Amino acid sequence: QTGAEHLSTMPVIVSCKWGKEVYSDINVDLAESPLMFKSQLFALTGVPPEKQKVMIKGALLKDEEWGKATPKDGQQIMLMGSAEAKSVDPPKNLPTFVEDLPESQQEHLATKDYGSGLQNLGNTCYMNSVVQCMYAVQPLRQALVEFKPVIQDPASKLVVAAKELMQDMSSGGEPFAPFLFLQQLRAQFPQFAQQGQGGAFSQQDAEECWTNLMYALREKVKVEGAAQPVVEQLFGIKTLLQLKCEQSEEEMQEEATTYALKCNIDSTINHLHDGITLGLKDDREKHSEVLGCPAVFKGSSVVTRLPPFLTVQMVRFFYKVDTRSKAKVLRKVSFSLELDVYDLCAPELKKTLDGPRAAYKEAQDLAIEATKKLKNSAKAAAAAAAAGTSVVPPSSSATGMEVDTAKPSKAAGSASGSAPMDTDTTLVTGSSSSHVGAETGKYALFGVLTHKGRSADSGHYVAWTKQANGKWALFDDEDITEKSDEDILALSGGGDWHMAYLLLYKAVTVPGPVVSAA
């Protein structure tokens, strides 16, 4: 064989000493040029080939040919040269420690997921509290994100400002000033730009702000292809007013769409439901065709369509003629975390609610029964462990508990369902699957706008909204604090403390089957 052929078929393993470092098991392909070997050394040491001095048996290795510096298997070679300085990028995605954050961020870290507080720009607590309540309605926020104005009229500019404001709020953290939104609100509704003595902007009624914003959003925020505007889909309540004249026996009906139920308050009202019932009563003076003159028609409204989000206004303010101001009704009117409006509905609507309500009740019963069984199993297991024995659960507790619904309940016939539970279970449901997602006429409280003070034109407004973690958050302008269910139920009035003015409820629907591992 020739020397070249011999080199091409005989790769060798060498070691390299560079300063105090020794690199072992370097595979050298002698069929390649020495420059390739120097590239290997560069990868190991960082010494560029042009700065390398490679000594093999006292001979200096060249770039083009091996010559006398041809290494042998197991041989140690000597490398001299300085490594090239490497730029080191700063590490990415380092953990951020609370103590390393600015003090302003540390202060709001615990409530970051709740959104941002809003600075008071001079008697703008009414506006801030309304915005926080609207922010709590996630479908409304999503509709605003997708809003694209067709024309640049004042109403469209207001909606764009609301869109940008809620996007800013979603980042959480430090409170900020909603200057643009306030400017557009006053441009669209000049009454909110009213000034008092000394040129200071006056306090306004939060309910008026809520209502005007709702109407602006209703006119502008629409989903392509949808029959109704977004606000009407989410908040629209359809009612049927039935009127009767006792003198002439005449009857008439009027249909209407509203965006809030009224809870009227008089000396007989102690509970929210009673106040709403009173608010649906409506006596009117109308022309009687039979009598040929004006007559009193007595009547009341029934609900013919329930929305996903129900707003209830506590009618606490009335106009006092002698003082020319809005006085406040301080009477205590209790409310609960759940509101059932079934008996306020028209007969036709009640029929559509009956099936889902039965399914929902059975789902609750199943949930309670399953929870009891799990607790009993846990107690039995604990007792067995204490006694040093073992117990086999009555059902497959490794993956949850199966609840047999082959036998229909008395309340729902063959209908069955499931409800969310604190304890993981597996529910086997029956025909109630046809009602999953259907409305029940029941609502869960998720937002409260309150007023503190004795007049609508003074005092202070704040918002309380329920968060994804089950806690309540109080938004007092820029300040956010966590609250409990007990704090919310204490907002019923009866003194000078904050009392509910607007109540926001979310529809309770029939839940789907719960299938989860324990």
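Author: Start with one term: two residues are in contact when heavy atoms of theirs lie within 4.5 Å. Keep in mind, too, that this is a predicted model.

First, the setting. The protein chain has 518 residues, and 41% of them count as buried. It holds 12 helices and 21 strands. Its exposed surface comes to about 27,600 Å², with carbon and sulfur atoms supplying 52% of that area. Now take the contacts between residues at least 6 apart in sequence. Of these, 67% join residues at least 24 apart.

H5 runs from residue 138 to 145, and its buried residues are Leu140, Ala143 and Leu144. Look down the axis of H5: those buried residues fall within an arc of 100°, so they line one face of the helix. What covers them? The cover includes four helices: H4 (125–135), H6 (154–169), H8 (206–220) and H9 (230–235).

So much for the cover; now to H4 itself. How many of the residues of H4 are buried? The count is 11 of the 11, so H4 is largely enclosed by the rest of the structure. Read them off along the helix: Cys125, Tyr126, Met127, Asn128, Ser129, Val130, Val131, Gln132, Cys133, Met134 and Tyr135.

H4 also meets helix H7, residues 179–188. The axes of H4 and H7 come within 12 Å, and they cross at roughly 105°. Angles from 65 to 115 degrees count as roughly perpendicular. That makes H4 roughly perpendicular to H7. Which residues make the contact? From H4 come Tyr126, Met127 and Val131; from H7 come Phe181, Leu182 and Leu185. Sort the residues of this contact by class and you get 6 nonpolar, no polar and no charged.

Now zoom in on one residue of H4. Glutamine 132 is found in this helix. Is glutamine 132 buried or exposed? Buried means under 20% relative accessible area. Glutamine 132 has 3% relative accessibility, so it counts as buried. Its contacts deserve a look as well. Set aside neighbours within four places in sequence, and glutamine 132 is in contact with Ser116, Gly117, Leu118, Met169, Ala463, Thr465 and Phe475. Here is a pair to find on screen: glutamine 132 and valine 448. They are 316 residues apart in sequence, yet 10.0 Å apart in space, C-alpha to C-alpha.

Threonine 239 has its place in strand E6, residues 237–245. At 11% relative accessibility, threonine 239 counts as buried. Leaving out residues up to four places away in sequence, threonine 239 touches Glu254, Glu255, Ala256, Ser301, Val302, Val303 and Thr304.

Lysine 298 sits in strand E10, residues 293–305. With a relative accessible area of 42%, lysine 298 is partly exposed. Again leaving out residues up to four places away, lysine 298 touches Gln242, Leu243, Lys244, Glu246, Asp282 and Asp283. Lysine 298 and lysine 244 are 54 residues apart along the chain, with 5.4 Å between their C-alpha atoms.

Last, two loops. Most residues other than glycine have a negative phi. Lysine 57 has a phi near 55°, a positive value. It is in the loop between strand E3 (53–56) and strand E4 (59–60). Lysine 57 is exposed, with a relative accessible area of 51%. Glutamate 249 has a positive phi too, near 65°. This residue is found in the loop between E6 and strand E7 (251–258). Glutamate 249 counts as exposed, at 51% relative accessibility.

Terms used
Residues numbered from 1 in each chain as written. Predicted model: local features only at pLDDT ≥ 70, side-chain atom pairs only at ≥ 80, totals over all residues. Heavy atoms only, no water. Buried < 20%, exposed > 50% of the residue type's maximum accessible area, 1.4 Å probe, protein only. Areas by Shrake-Rupley, 256 points an atom, 1.4 Å probe, with all protein chains shown as cover. Arc of directions from axis to C-beta. Axes fitted to C-alpha atoms, helices over the stretch in contact; angles between N-to-C directions. Parallel < 35°, antiparallel > 145°, perpendicular 65-115°, else oblique. Nonpolar A, V, L, I, M, F, W, Y, C, P; charged D, E, K, R; others polar.
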